[in-house]
Amino acid sequence: MSTGDLLSIDPLELKFPFELKKQISCSLQLSNKTDSYVAFKVKTTNPKKYCVRPNTGVVLPRSTCDVIVTMQAQKEAPADMQCKDKFLLQSVKVNDGVAAKDINAEMFNKEAGHIVEECKLRVVYVSPPQPPSPVAEGSEEGSSPRGSVTENGNSNGAEFSNAARALADRPEFQEKSLEAKALISRLTEEKNNAVQQNNKLRQELELLRRESSKSSSGGISIMFVIFIGLLGIILGYLMKRTVMALLRKTLMEHQADKDSLYLERNLMKVSLVCLQDSPSPEACSSSSSIIST
């Protein structure tokens with residue numbers, strides 16, 4: 001396990017149980033030891049031979065992330081089962097809330113002043129697990145699967161080898177072997193997909209938990225916002241009614257002043273007419289009373 005300042009990487013060797021014409025996968029676990037978001041990027045010297053999912057991502061504070069490295073099916077075995085392929089894992093601190101889609105190559109540029117932590121991983125081929133040796137049909141129940149030793153000290157391992165070879169040559173055994181390999185390949189792919197979905201859901205859950213804690217500690221509650229909104233509506237309605245009442249009262253007073261002015265003007269006209277014609281005072285008073293009504 002690597003113990004860097006940002007990420008712990010386990011394991012440091014990518015061990016593939018090498019088999020010809022078979023896709024093989026192994027996993028890495030990245031652990032964030034800090035209280036910050038850490039972005040990572042995986043590079044390899046042979047990108048056509050390997051598939052890395054995810055090859056970039058963000059590890060949330062105090063959490064882990066699994067990376068699946070899949071080697072494509074190989075047609076030829078390397079000499080002495082030695083592999084010169086290598087991987088480089090880069091990690092760097094990023095701002096809180098950064099997602100995998102926000103990662104770019106500039107984040108891992110040392111010349112731009114970013115502090116980038118690097119860890120080299122090498123590839124190792126190991127022998128695939130051997131299936132258990134078949135037991136001869138004539139062996140007695142409870143006897144050891146190993147070959148027994150005859151009285152003259154010679155082992156009967158040759159008999160078991162012949163029996164195993166005959167069993168492997170059977171068509172039904174070959175069909176079952178092919179079905180088993182296909183099932184293992186499908187289960188491996190489903191496992192890789194499940195691991196990726198688990199990492200994605202874990203990151204989304206942690207992000208939602210942080211956003212929820214921030215809103216509950218320093219945010220404004222929904223009920224308070226609703227109360228302020230209702231209070232504003234009520235105050236606006238009351239102010240509207242008050243303004244309308246004042247406006248109506250002002251209009252009525254203005255109309256009354258206008259009617260009074262109109263009446264006074266008519267009375268003055270009648271008075272002038274009476275003075276010019278010099279009628280009797282009773283006629284002028286009667287005319288004024290008619291106009292006022």
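Before I go on, the ground rules. This is a predicted model, where local features need pLDDT of at least 70 and side-chain atom pairs count only at pLDDT 80 or more, while totals for chains, interfaces and linings use all residues. Residues are numbered from 1 along each chain as its sequence is written, and side-chain values use heavy atoms, with hydrogens and water left out.

Back to the cavity. Searching the whole structure turns up 1 cavity of 30 Å³ or more. The largest cavity holds about 50 Å³ of space. Grid points are joined across faces, edges and corners, and the volume is the space filled by probe spheres set on the points.

Who lines it? The residues are Val58, Val59, Leu60, Ser63, Thr64, Cys65, Asn199, Arg202 and Gln203. Strand E7 (56-59), strand E8 and helix H2 (171-218) each put in at least two lining residues, and H2 has the largest share, with 3 residues. Those labels are DSSP runs numbered from the N terminus: helices are H or I with at least four residues, strands are E with at least two.

While we're on that helix side, a word on a record. UniProt, in an unreviewed entry, lists residues 184-211 as "coiled-coil region". UniProt positions are in the numbering used here, feature names are shortened, and annotations may be inferred rather than shown by experiment. In the model, residues 184-211 are 100% helix and 0% strand, with the end C-alpha atoms 41 Å apart.

Now, E8. How many of the 8 residues of strand E8 are buried? In E8 (residues 64-71) 6 of the 8 are, so the strand is largely enclosed by the rest of the structure. By buried I mean under 20% relative accessible area; exposed is over 50%, and partly exposed is in between (1.4 Å probe, protein chains only).

And what does E8 pair with? Strand E4 (residues 24-32) pairs with E8 in the antiparallel sense over 8 bridges, and there Ser25 has Thr70 as its bridge partner. Strand E6 (residues 50-53) also pairs with E8, antiparallel, over 4 bridges, with Val52 standing opposite Val69. Pairing here requires that DSSP finds at least two bridges between the strands.

Gln74 sits in the loop between E8 and E9 and is buried, at 18% relative accessible area. Its side chain reaches the backbone oxygen of Gln72 at 2.9 Å. Met81 is in that E8 to E9 loop too, and Met81 has a positive phi near 55° without being a glycine. Met81 counts as partly exposed, with 31% relative accessibility.

Another residue with a positive phi is Arg62, at about 55°, and again not a glycine. Arg62 is in the loop between E7 and E8 and is exposed, with a relative accessible area of 57%.

Why flag backbone geometry like that? Because most residues other than glycine have a negative phi, and most peptide bonds are trans. On the peptide bond side, the one from Asp10 to Pro11 is cis, with omega near 0°, and Pro11 is in the loop between strand E2 (7-10) and strand E3 (13-17). The bond from Arg53 to Pro54 is cis as well, with omega near -10°; Pro54 belongs to the loop between E6 and E7.

Gln23, in the loop between E3 and E4, is partly exposed at 45% relative accessibility. Gln23 and Ala73 are 50 residues apart in sequence, yet 4.4 Å apart in space, C-alpha to C-alpha. Val116 is in the loop between E9 and strand E10 (117-126) and is buried, at 12% relative accessible area. Val116 and Ser91 are 25 residues apart in sequence and 5.8 Å apart C-alpha to C-alpha.

That's my tour; over to you.

Notes. On a 1 Å grid over the protein atoms alone, a cavity is a set of points where a 1.4 Å probe fits but cannot get out, and a pocket is an open set with protein on both sides within 12 Å along at least five of seven lines; lining residues have an atom within 4 Å of a point. A polar contact is a pair of N or O atoms within 3.5 Å; within protein, one must be able to donate a hydrogen and the other to accept it, and residues adjacent in sequence count only if both atoms are side-chain atoms.
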